[in-house]
Amino acid sequence: MPLVTPLSPDHDAETRELAAFFNETLGFCPNSVLTMQHRPLISKAFINLNKAVMDNQGKVTSSLKRMIAWVSSNATGCRYCQAHAIRAAERYGADQEKLDNIWEYKTHSAFTEAERVALDFSLAASIIPNAVNDEIKTALYKHWNEGEIVEMLGVISLFGYLNRWNDSMGTMLEDDAIESGNQYLGKTGWEVGKHK
């Protein structure tokens, strides 16, 4: 049972219009946004931030951004965001082999060195205490420019907010997100947990 009940998608017209963005990303408006609508300034600001963070200006692809989000969400333990991130990675064209082996990104041959560095950055930036250090900085600069690093940290930071929001709210997972979570993450122990 969620901490706060999501409102109808029609509750706030401006939020509904902005939330059309999620139809491409996930195929539905997430319950997290429907909960944020209790204060429409929050839901609208969140959607606009999400759109800005997920806008691609360099070599960081939409699918890699969603895999960065998954690593961040996995580090914090948010099952809601893990399911959403893996679903969005799939919808944005992540290779099947990467989706099936996201847990083994550090060693699996489906991932490039540049992707591994980006995902290591996500992990280091998501844990407490923060583990971003000179070694990670050096590795990042071998593959990515400063604007791309800003894009990646934007994703990590956005999901820091979402991980706390959804785990604290106990946001109910949508059926399509559950399906993606079961398909790609279930083999290694992912479950809906409190998000039912």
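The model is predicted. Helix α5 (residues 62-76) packs against helix α6 (residues 79-91), and the axis of α5 also comes within 8 Å of that of helix α8 (residues 113-126). Helix α4 (residues 40-54) is treated separately, through its length and its buried residues.

**α5 and α6**
- The axes of α5 and α6 lie 8 Å apart, at an angle of about 165°.
- Because angles over 145 degrees count as roughly antiparallel, α5 and α6 are described in that way.
- Their crossing is left-handed.
- On the α5 side, the contact is formed by Ser63, Arg66, Met67, Ala69, Trp70, Ser73 and Asn74, which meet Cys81, Gln82, Ala85, Ile86, Ala88 and Ala89 of α6.
- This contact comprises eight nonpolar, four polar and one charged residues.

**α5 and α8**
- The axes of α5 and α8 cross at roughly 35°, and the crossing is right-handed.
- From α5, the residues Leu64, Met67, Ile68, Val71, Ser72, Ala75 and Thr76 meet Glu115, Ala118, Leu119, Ser122, Leu123 and Ser126 in α8.
- The residue classes here are eight nonpolar, four polar and one charged.

**α4: length and burial**
- With 15 residues at 1.5 Å a residue, α4 should span 21 Å, and the 21 Å between its end C-alpha atoms therefore agrees.
- Buried in α4 are Ser43, Lys44, Phe46, Ile47, Asn50, Val53 and Met54.
- The cover over these buried residues includes α1 (13-18), α2 (21-25), α3 (31-36), α5 and α10 (146-169).

How values were computed:
Residues numbered from 1 in each chain as written. Predicted model: local features only at pLDDT ≥ 70, side-chain atom pairs only at ≥ 80, totals over all residues. Heavy atoms only, no water. Axes fitted to C-alpha atoms, helices over the stretch in contact; angles between N-to-C directions. Helix = DSSP H or I, 4+ residues; strand = E, 2+ residues; numbered from the N terminus. Parallel < 35°, antiparallel > 145°, perpendicular 65-115°, else oblique. Left-handed = near helix turned anticlockwise from the far one by under 90°. Contact = heavy atoms within 4.5 Å. Nonpolar A, V, L, I, M, F, W, Y, C, P; charged D, E, K, R; others polar. Expected span 1.5 Å × (residues − 1). Buried < 20%, exposed > 50% of the residue type's maximum accessible area, 1.4 Å probe, protein only.
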